[in-house]
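Here is a short report on selected side chains and their partners. Start with the sequence and structure shown below.

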Amino acid sequence: SPAGPNSSEPQIVDSGRGRILSWVERAGAMSHLKFSERTASGWSPAVTAASGNDWFLSYADVPSVMRLSDGTLVAQWLQQLDPITEAYNLRLSYSKDNGKTWAPSFMPHNDGTKTQHGFASLVEMPGNTLGVVWLDGRNSPFDFDKPETGTMTLRYAAYDSSFKQSPDTEIDHKVCECCPTTAVATSDGLLTAFRDRSDDEVRDIAVSRLGGGKWRGASPVAADNWKLDFCPVNGPMLAARGQDVVATWFTVKNDLGQAYAAFSNDAGRTWGMPIRLDDGGSLGRTDVEMLDDGSAVASWVEYAEGRSDFKVRRIESSGAKSAPVAVAPVTGGQASGYPRIARVGNELIFAWTDSAIDASGALQLQTAVGQLP
């Protein structure tokens, strides 16, 4: 692993050259967002994108670093406003010199409320522009005189190549409060997936598509009809190539946690049958990567017989799937967060957070690689 001690919160995104792994390292009161690039020669030296002593840190709401096609690096992290109410702002910055210097940070939201702004997904749009999707709590305080209040919303903002922002817009007015989002660029526009929330507390995975400058209404990936009165902190993941898209997610059926995947061949307008990923039970925390033949490699945390394991398997839109492959045991409870997978050529990259083997119990980011058959 390129990460130092006391490291966690991994994220892996496409860099245009390979893949960028980012993580958070903690040293006393300071937090540092660092990243390394996976290339043919291995991991590049770690670079610090941002640091602060006022960050909001969460195993589920993680910072990230991405690279646009012109080489510009973009970073996002969370600045804490009120630890009691868990209010925080989403901060962005960019670097034009491969991480040597960074622009002053800025926010995609300007509502001025001390509420939650996070769970961001960054995606490159045509013309070297940046799209940002995030959960926004500006409407979360409830007003008895305004029944439409008291909801977490999903919002979007875009930046041109000079980082001039377009006005942020609402994608969905009522979504699950703290499930991570995901977004991908398809050949037919931007697609985002999230855990929606109905008035009767059904919290299934939905997608919305940006087309013609307008977000389409949310549509379900699968009708799980999972009803619960709280957020499960377990969001979906997407991968896309052209109009082919694959989604993975977590749900509970018959009191058993389960992980699923589904394919779409029309940029998320319709979805095939759900494919179960786990064999005996799951904690979710899924990820997915598409392969050249249209199949995918999906990951999840298997939970069976009292132990948790980071597992992967290959899946096809027909429902066919390979035997599962165990990458590593998952230790550290919730703090272990979301394991990640990514692909560079014929290599699969795995990243996860483990608890230290010594008595300190400190978290340590681990990585592994494997060759595709």
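## A salt bridge across sequence

D188 and R209 form a salt bridge, with their closest N and O atoms 3.9 Å apart. D188 sits in the loop between strand 13 (182–186) and strand 14, and R209 in strand 15 (residues 205–211), so the pair ties together parts that are 21 residues apart in sequence. The model is predicted.

D188 counts as partly exposed, at 25% relative accessibility. R209 has a relative accessible area of 16%. Buried means under 20%, so R209 is buried.

## Other salt bridges

The structure holds 25 salt bridges. One of them joins the side chains of R26 and E9, at 3.4 Å from N to O. This pair links distant parts of the chain: R26 is in strand 2 (residues 19–27), E9 is in strand 1 (residues 7–14), and they are 17 residues apart. R26 is partly exposed, with a relative accessible area of 37%. E9 is buried, at 4%.

K34 forms a salt bridge with E25. Their closest N and O atoms are 3.1 Å apart. Both K34 and E25 are buried.

## T192 in strand 14

Is T192 buried or exposed? T192 is buried, with a relative accessible area of 0%. The residue lies in strand 14 (residues 189–195).

The T192 side chain reaches the backbone oxygen of T182 at 2.9 Å. Leaving aside neighbours within four places in sequence, T192 is in contact with several residues, including V133, L154, I171, T182, W215 and L238. A183, A206, V207 and S208 are also among its contacts.

Key: Residues are numbered from 1 along each chain as its sequence is written. This is a predicted model: local features need pLDDT of at least 70, side-chain atom pairs count only at pLDDT 80 or more; totals for chains, interfaces and linings use all residues. Side-chain values use heavy atoms; hydrogens and water are left out. Helices (H or I, at least four residues) and strands (E, at least two) are DSSP runs, numbered from the N terminus. Buried means under 20% relative accessible area, exposed over 50%, partly exposed in between (1.4 Å probe, protein chains only). A polar contact is a pair of N or O atoms within 3.5 Å; within protein, one must be able to donate a hydrogen and the other to accept it, and residues adjacent in sequence count only if both atoms are side-chain atoms. Contact means heavy atoms within 4.5 Å. A salt bridge is a side-chain nitrogen of Lys or Arg within 4 Å of a carboxyl oxygen of Asp or Glu.
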